[in-house]
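Welcome to this tour! Open your viewer, keep the sequence panel beside it, and select each stop as you reach it.

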Amino acid sequence: MGKVYVLDHPLIQHKLTYIRKKETGTKDFRELVDEVAALMAFEITRDLPLEEVEIDTPVTSDAKAKVLTGKKIGLVPILRAGLGMVDGIIQLIPAAKIGHVGLYRDPETLQPVEYYVKLPSDIEERELIVIDPMLATGGSANEAIHSLKKRGARQIRLMCLVAAPEGVDAVREEHPDVDIYLAALDEKLNEKGYIVPGLGDAGDRLYGTK
């Protein structure tokens with residue numbers, strides 16, 4: 001069963017508080033989401049493999065040091081809100097390739113429908129991080145992960161700012177091989193499907209739409 005990591009670093013929790021506040025405007029909201037995404041990237045990459053190399057420093061010619069083994073990373077934001085977290089992550093992992101998955105909710109069935117997918121050609125070789133600020137019912141995340149798996153993806157992690165227990169349970173049930181990384185696990189979903197206490201509609205707050 002995939003693990004759930006709630007990243008309780010003080011800087012993440014401090015900045016998340018201001019992301020949640022309804023008084024936070026679009027400019028500050030965007031900047032804070034970027035900052036939290038970057039901090040979360042430190043945690044989600046904690047287990048990347050290293051190898052030892054010899055380098056020259058100004059003091060010696062045979063210093064032993066460590067570098068990443070070259071494991072390939074892919075970032076896959078779920079459109080549109082997931083885009084708001086990409087810049088923060090790419091600052092730390094500039095070699096990562098970026099794919100996109102676009103989904104909308106069918107107004108009659110309320111199920112997510114895929115309308116756009118564009119991915120790196122070598123996703124089966126990459127560790128993919130699916131990115132979405134909100135994990136509410138889990139429907140969009142599950143559909144995005146299905147989209148990646150049917151195209152050959154083998155290693156997938158899910159990264160969200162806030163989640164409801166219902167969404168976490170849905171993803172773990174449908175994709176037990178996927179680890180989930182959160183800045184906060186909130187209380188519940190309300191009758192309209194919003195995360196409580198949540199942060200509102202992440203897409204609207206990122207892009208100033210209603």
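A residue is called buried when its relative accessible area is under 20%, exposed when it is over 50%, and partly exposed in between, using a 1.4 Å probe and protein chains only. Before you click, note that this is a predicted model, in which local features need pLDDT of at least 70, side-chain atom pairs count only at pLDDT 80 or more, and totals for chains, interfaces and linings use all residues. Residues are numbered from 1 along each chain as its sequence is written, and side-chain values use heavy atoms, with hydrogens and water left out.

**Stop 1: leucine 135**

Select leucine 135. Is it buried or exposed? Leucine 135 has a relative accessible area of 1%, so it counts as buried. Leucine 135 sits in strand 9, residues 134–135. (Helices, H or I with at least four residues, and strands, E with at least two, are DSSP runs numbered from the N terminus.) Now show its contacts, meaning heavy atoms within 4.5 Å. Leaving aside neighbours within four places in sequence, the partners of leucine 135 include Leu158, Cys160, Val162, Val168, Ile180 and Ile195.

**Stop 2: alanine 136**

Step along to alanine 136, in the loop between strand 9 and helix 4 (139–149). Not counting residues up to four places away in sequence, alanine 136 touches Ala164, Glu166, Gly167, Leu189, Gly193 and Ile195.

**Stop 3: the annotated site**

Next, select Arg80, Arg105, Asp132, Pro133, Met134, Leu135, Ala136, Thr137, Gly138, Gly139, Ser140 and Asp201: an unreviewed UniProt entry gives these the feature "binding site". Among these residues, Arg80, Arg105, Asp132, Leu135, Ala136 and Asp201 are included in the lining of the largest pocket. UniProt positions are given in the numbering used here, feature names are shortened, and annotations may be inferred rather than shown by experiment. On a 1 Å grid over the protein atoms alone, a pocket is an open set of points with protein on both sides within 12 Å along at least five of seven lines, and lining residues have an atom within 4 Å of a point.

**Stop 4: helix 2**

Select residues 26–44, which make up helix 2. The expected span of a helix is 1.5 Å times one less than its number of residues. For the 19 residues of helix 2 that should give 27 Å, and the end C-alpha atoms are 26 Å apart, which agrees. Which residues of helix 2 are buried? They are Phe29, Leu32, Val33, Val36, Ala37, Ala38, Met40, Ala41 and Ile44. Their cover includes helix 1 (10–20), helix 3 (86–90) and strand 10 (155–163).

**Stop 5: salt bridges**

A salt bridge here is a side-chain nitrogen of Lys or Arg within 4 Å of a carboxyl oxygen of Asp or Glu. By this rule the count is 13.

Start with arginine 20 and aspartate 186, whose side chains meet at 2.7 Å, N to O. Arginine 20 is in helix 1 and aspartate 186 in the loop between strand 11 and strand 12 (188–189), so the pair ties together parts 166 residues apart in sequence. Arginine 20 is partly exposed at 23% relative accessibility, whereas aspartate 186 is buried at 8%.

Move on to lysine 72 and aspartate 122, a salt bridge whose closest N and O atoms are 3.5 Å apart. This pair ties together parts that are 50 residues apart in sequence. To finish, select Lys72, Asp122, Glu125 and Arg126 together: salt bridges that share partners join them into one network.

Key:
1 Å grid on protein atoms, 1.4 Å probe; cavity = no way out; pocket = protein on both sides within 12 Å on 5 of 7 lines; lining within 4 Å.
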